[in-house]
Amino acid sequence: MAAYAQPFSHHLQEKRSAWRALAGHYRKVRDIHLRRLFADDPSRGQRLTAEGAGIYLDYSKNRVTDQTIKLLIQLAAESGLQARIDAMFRGEKINITENRAALHVALRAPRGASVFIDGENVVPRVHAVLDKMTQFCNRVRRGEWKGQTGKRIRNIVNIGIGASALGPVMAYEALKAYSDRTMTFRFIANIDGSDFVEGVRDLDPSETLFIVCSKSFTTLETMTNAYSARAWLLAGLGDDKGSIAQHFVAVSTNADEVAKFGIDTTNMFGLLDWVGERFSIDSATGLSTMLAIGPDQFRVMLDGFHQMDMHFLATPFERNIPVLLGLLTVWYVNFFGVQSIAILPYEQYLSRFPAYLQQLTMESNGKHVTLIGTEVTQFTSPVYWGEPGTNGQYSFYQFIHQGTGLIPCDFLAFGKSLNPIGRHHDMLLANAFAQAGVLAFGKSAEEVRADGAPDWLVPHRVCDGNRPSNMILADQLSPATLGKLLALYEHSVFTQGVIWNINSFDQWGVDLGSDLAQQIIPELEGTEEPVLEHDSSTNALIRRYREFRKNGTRAAEQSTVLGVGPRKCVSPL
């Protein structure tokens with residue numbers, strides 16, 4: 001194991017001098033109000049900012065002083081953050097539980113760059129996949145790729161789960177203003193049949209192309225939906241098995257399973273073993289994104305990623321935006337006891353951005369053991385959640401303003417609207433700035449009384465403030481900007497993982513429930529009463545479901561006889 005990755009003892013968390021100093025410092029500053037911090041330092045709003053790669057961060061409304069930032073940066077240094085950053089960019093196997101590199105930064109390395117893993121420069125492999133994606137997408141977008149009946153493809157349906165769904169749908173929604181509006185894009189993920197039925201309900205099979213995204217091509221949810229898609233296609237095209245090759249492509253590494261499904265392996269776009277799926281939207285996982293916005297804009301997005309990568313790699317920590325975001329998260333989680341962070345994009349196109357970040361952050365850092373397998377001695381990942389502004393203001397902001405919990409907020413806003421209509425954008429940004437201001441400074445009892453409120457109403461209208469937030473600003477949402485924001489949060493997550501001494505790149509807990517589900521499926525579907533050896537609750541639920549299923553089958557048979565019931569979707573399962 002390289003020197004950078006030698007994990008420290010779980011007791012060393014408290015032994016680091018910066019950690020101990022932060023604990024003492026927290027006791028001194030925890031009750032200082034942001035009103036006082038701003039009053040004591042009139043330049044605070046200009047000083048506590050950072051800018052890089054076209055992203056502007058105002059972190060002045062955090063409950064920190066200059067000493068806090070100094071100690072957090074010292075903590076990063078004592079945790080070996082720079083060495084870990086360098087090791088990641090060098091392609092060292094920092095994902096120690098899977099003995100892999102975590103080299104998503106290579107996915108956006110420019111052509112001609114060199115990034116080595118086990119002595120191999122992997123950049124040519126990355127660009128070979130990108131070139132293959134480009135050729136394919138150009139054919140589809142120009143109408144040269146025909147369906148089995150000779151019609152051009154107008155509908156793209158991405159089938160995946162986890163990052164293979166969250167990434168593509170987030171990117172499509174975020175970049176819809178740049179997409180080809182003559183094409184329809186759908187995203188099917190949930191194993192619930194309703195997701196599939198609604199996803200294809202109004203599509204013409206002869207004009208539809210399915211992208212099946214599964215690294216192993218064995219993922220239960222993805223392959224269940226893929227086989228239903230195949231049955232739906234064949235039902236619509238006269239059971240012509242030859243049509244599968246014209247209407248399905250794969251994003252996978254398992255050529256045998258892809259071929260067995262009926263997809264021509266020349267139309268398989270490979271994934272790289274040293275990239276975790278939640279870090280892969282800039283790889284072949286983004287095939288639907290490239291189809292929507294075109295290869296040129298996709299490469300612009302990759303350049304945005306790369307710009308933030310270089311900022312993260314080379315910028316001193318005190319001006320390094322991902323590092324600052326990550327350290328502030330550690331400050332709130334481990335010293336203030338914060339359990340969740342709100343992501344609040346003031347941009348409707350980023351409606352799926354919070355959901356995407358949920359996987360990126362919580363699957364990465366939702367860990368309870370250190371790199372050496374000992375129990376962690378502090379909290380790790382908080383819950384990430386949110387909705388676009390201004391919608392969220394009339395939903396959960398009340399809880400953030402006056403609730404009993406402390407919820408730091410990340411506001412994301414843009415100087416220019418993609419759809420300038422009258423005063424809309426000015427009002428949108430005014431709300432973003434106002435919310436951050438009110439969260440910080442609140443409204444005191446004296447101010448409420450000055451407004452003429454009667455004494456009995458005063459406590460109800462007081463907002464204590466002192467609620468921290470970051471304001472992240474960029475010129476305009478674009479493919480490049482999206483790439484920068486995604487890389488920003490990727491590297492913030494990595495920074496947190498280094499401080500907590502955990503592996504941000506594995507996800508062993510994800511498989512546990514899936515493995516048990518595979519055992520339970522035949523117990524639900526079998527005609528004979530199964531011998532159940534689960535806990536008493538699971539056994540009772542299985543028996544109850546079998547009764548529902550038996551009764552449902554009878555009801556369906558009766559509905560068929562009577563000619564009633566919902567429209568069915570053909571499925572071989």
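This is a predicted model: local features need pLDDT of at least 70, side-chain atom pairs count only at pLDDT 80 or more; totals for chains, interfaces and linings use all residues.
If residues up to four places away in sequence are not counted, Glu 98 touches Phe 505, Asp 506, Gln 507 and Trp 508. Thr 289, which is 191 residues from Glu 98 along the chain, has its C-alpha atom 29 Å from the C-alpha atom of Glu 98.

## The chain as a whole

The chain contains 23 helices and 13 strands. Its radius of gyration is 26 Å, close to the 25 Å that the globule rule gives for 573 residues, so the chain is as compact as a globular protein of that length. Taken along the principal axes, the box filled by the C-alpha atoms is roughly 75 × 65 × 60 Å.

Of the 573 residues in the chain, 53% are buried.

## Surface and charge

The chain exposes about 24900 Å², and carbon and sulfur atoms supply 52% of this area. There are 56 positive and 60 negative charges in the chain, and the mean positions of these two groups are 3 Å apart.

## Two helices with buried residues

Helix α2 covers residues 17-29, and over these 13 residues the helix reaches 18 Å from its first C-alpha to its last, which is close to the 18 Å expected at 1.5 Å a residue. Several residues of α2 are buried, including Ala 18, Trp 19, Leu 22 and His 25. Gly 24, Tyr 26 and Val 29 are also buried in this helix.

Another histidine, His 401, is found in helix α17 (residues 397-402). His 401 has a relative accessible area of 11% and is therefore buried. Leaving aside neighbours within four places in sequence, the residues in contact with His 401 are Gln 435, Val 438, Leu 439 and Arg 467.

## Backbone details in the loops

Most residues other than glycine have a negative phi, and most peptide bonds are trans. Thr 390 lies in the loop between β11 (383-385) and α17.

Asp 118 has a positive phi, near 50°, although this residue is not a glycine. Asp 118 is found in the loop between β3 (116-117) and β4 (120-121), and with 65% relative accessibility this residue counts as exposed. Phe 217 likewise has a positive phi in a residue other than glycine, with a value near 60°. The loop that holds Phe 217 runs between β7 (208-213) and α10 (220-236), and Phe 217 is buried there, with a relative accessible area of 2%.

## Distances in sequence and in space

Lys 70 lies in helix α5 (residues 66-78) and counts as exposed, at 55% relative accessibility.

Pro 42 and Phe 269 are 227 residues apart in sequence, while their C-alpha atoms are 55 Å apart in space.

Definitions and conventions. Residues are numbered from 1 along each chain as its sequence is written. Side-chain values use heavy atoms; hydrogens and water are left out. Helices (H or I, at least four residues) and strands (E, at least two) are DSSP runs, numbered from the N terminus. The radius of gyration is taken over C-alpha atoms; the globule rule is 2.2 Å times the number of residues to the power 0.38. Buried means under 20% relative accessible area, exposed over 50%, partly exposed in between (1.4 Å probe, protein chains only). Accessible areas come from the Shrake-Rupley method with a 1.4 Å probe; for residues, only the protein chains shown count as cover. Lys and Arg count as positive and Asp and Glu as negative; His and the chain ends are not counted. The place of a charge is taken as NZ of Lys, CZ of Arg, CG of Asp or CD of Glu. The expected span of a helix is 1.5 Å times one less than its number of residues. Contact means heavy atoms within 4.5 Å.
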